[in-house]
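Have the structure open while you read.

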Amino acid sequence: MEIGTGRIGSCSKEHQKIYQEWFIFADSDNDGRITGNDAIKFFGMSNLSRQDLKQVWATADSKRQGYLGFREFVFAMQLVSVAQDGRQISHDLLNGDVDFENVKPPVMEGLDTLIMKKKQSSKLSSPESNVGVSAGSSPMQTSPAAQWFSSKSAKKISLSSVTSVIDGLKRLYIQKLKPLEVTYHFNDFVSPLLTNSDFDAKPMVMLLGQYSTGKTTFIKHLLKSSYPGAHIGPEPTTDRFVVVMSGIDERSVPGNTVAVQADMPFSGLTTFGTAFLSKFECSQMPHPLLEHITFVDTPGVLSGEKQRTQRAYDFTGVTSWFAAKCDLILLLFDPHKLDVSDEFKRVIYSLRGHDDKIRVVLNKADQVDTQQLMRVYGALMWSLGKVLNTPEVVRVYIGSFNDKPVNEAATGPIGKELFEKEQEDLLADLKDIPKKACDRRINEFVKRARAAKIHAHIIGHLKKEMPSMMGKAKAQQRLIDNLADEFGKVQRDHHLPPGDFPNVEHFKEVLSGYNFDKFERLKPKMIQAVDDMLGYDIPELLKSFRNPYD
């Protein structure tokens, strides 16, 4: 099983020099991004039909970010060249016989003359312009959004500085959602405040399962190499959370260091304390797959007598935190570990609200013959049916995800064919993750906004129910004891969906550390701002950064 990251956007040094010059010319605001407006002006010089250019943009901007970086721009130019040769542009071209690396630059009518004029005018106005781009490097993508989260004038972010869907979400968060979260202590109850790196993070895949179900081997199989800090064995070997991500060299970074790095989306993990951070590390290595996806390897979930041994940190809380950040969650089982222990149950319950991300993998399936595999599959579905409270049947992938050939002596030729098809299906799921990353980010942002709105209604209601003078302590304790009833009142008064309300017991636990009298009253203007964001701003944002040829 192999994920083909391909050599999209790669070309010879001679062609790269040409594309750099074109990129700088097309990038009207010098931010390292070609937006839809830039593309319409520039791509028009190719004299291709609007339909062809629409397909070129859709294929090059496969992640639907709303802009092209330098690499995507090179790929778009290669597609334009292929289209000028009379070939049909489609996603099938990526798997075809086109050698993109040696595709000649397209014919762009009048471009050389325009570049010459721009060079002459820039020499007259500022001789030092464009000094920073050398022949061997690609133009840097420096988005101004990185400074928004630290800037004191964040509320004055201009619309013109937004050059992608993600930039737009950052702007909406800072201006409309973050004030609501801060006012009603959303970060203490539900999720820490978002940072710039939370929006820019690569898609993440988390692997969960009991020890020795093949989680670390699965990652190693996809990467086709080991990674720093990887330990594999029949005993519980991975005793910590390991984030496997792209880096310039191979190294392991300790958890406390990772949590304070501004360019990594893990600052929220500091809430779990030093006991957890000492069991957390980041493994970095250069790898083409890791440029698109980050993997989260987890300690084996305990079973039997071992689960009575308390961990030094909130294991379920940590998995819940990662689940909210991840794009895909793989639950791994093997034919000899089908039982769902109490700790595993708690972990699966903590994934509530993320059911669409969960996939189940029955690993090491070639250790049993075909008849036993049917029984194992039935037993696994029975076990999952007791803990996954969903009306849909969960997707189970069957296979043997390691570097060894399939054991045909046990499975037979039918089993081998089945495993290959299942592996291809899982591979397709993993391939789709980078393409769906932007859509997933929007989805998670909308979920967060709705959760913050309900949280504000709850806190505002508790404040309203407090007496103005006497008996405040008794009133607060009464509200905490009857919290489920208070949730019901909020739900009825504001016509909110009951399924979106938080866990009552967890909410009680956090509330006990607060003085209700110091809570803010409900501010309708803040709620209205979030409603406007969900109803108007986000749809307008998506409309602004859709395919410019639609």
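1. Start with His495, which counts as exposed because its relative accessibility is 71%. The residue sits in the loop between helix 17 (483-494) and helix 18 (504-511). His495 isn't a glycine, yet its phi is positive, near 55°. For context, most residues other than glycine have a negative phi.

2. Arg64 is another non-glycine residue with a positive phi, about 55° here. Look for Arg64 in the loop between helix 3 (50-60) and strand 2 (67-68). With a relative accessibility of 52%, over the 50% cut-off, Arg64 therefore counts as exposed.

3. Confidence. Remember that this is a predicted model. The protein chain has a mean pLDDT of 81, with 85% of its residues at 70 or more. Confidence is highest in strand 7 (residues 294-297), at 92, and lowest in helix 5 (residues 111-125), at a mean of 77.

4. Where pLDDT is low, the predicted coordinates should not be read in detail.

5. Strand 9 and its burial. Which residues of strand 9 lie on each side? Ile358, Val360 and Leu362 are on one side, Arg359 and Val361 on the other, and all are buried. In other words, five of the five residues in strand 9 (residues 358-362) are buried, and both faces of the strand are covered. Note that an arginine, Arg359, is among the buried residues.

6. Strand 9 and its partners. Strand 8 (residues 328-333) runs parallel to strand 9, joined to it by five bridges. Across this pairing, Leu330 stands opposite Arg359. To get from strand 8 to strand 9, the chain passes through helix 13 (residues 342-350), and the β-α-β crossover is right-handed. Strand 9 also pairs with strand 10 (residues 396-398), again in the parallel sense, over three bridges. There, Val361 has Tyr397 as its bridge partner.

7. The cores. The largest nonpolar core has 49 residues, and those touching the most other members are Phe266, Phe280, Phe322, Leu331 and Phe333. Another core, of 47 residues, lies apart from the largest one and includes Val165, Ile442, Phe487 and Phe516. As a general matter, nonpolar side chains in soluble globular proteins tend to be buried together.

8. Leu351. Is Leu351 buried or exposed? Leu351 counts as buried because its relative accessibility is 0%, and it lies in the loop between helix 13 and strand 9. Beyond its neighbours within four places in sequence, Leu351 is in contact with Leu208, Thr319, Ala323, Ile329, Leu331 and Ile358. If you want a distance to check, Leu351 and Leu388 are 37 residues apart in sequence, with their C-alpha atoms 9.6 Å apart in space.

Definitions and conventions
Residues are numbered from 1 along each chain as its sequence is written. This is a predicted model: local features need pLDDT of at least 70, side-chain atom pairs count only at pLDDT 80 or more; totals for chains, interfaces and linings use all residues. Side-chain values use heavy atoms; hydrogens and water are left out. Buried means under 20% relative accessible area, exposed over 50%, partly exposed in between (1.4 Å probe, protein chains only). Helices (H or I, at least four residues) and strands (E, at least two) are DSSP runs, numbered from the N terminus. Two strands pair if DSSP finds at least two bridges between them. A crossover is right-handed if, with the strands pointing away from the viewer, the path from the first strand over the helix to the second runs clockwise. pLDDT is the predictor's confidence in each residue, from 0 to 100. A nonpolar core is a set of buried Ala, Val, Leu, Ile, Met, Phe, Trp, Tyr and Cys residues joined through side-chain atoms within 4.5 Å. Contact means heavy atoms within 4.5 Å.
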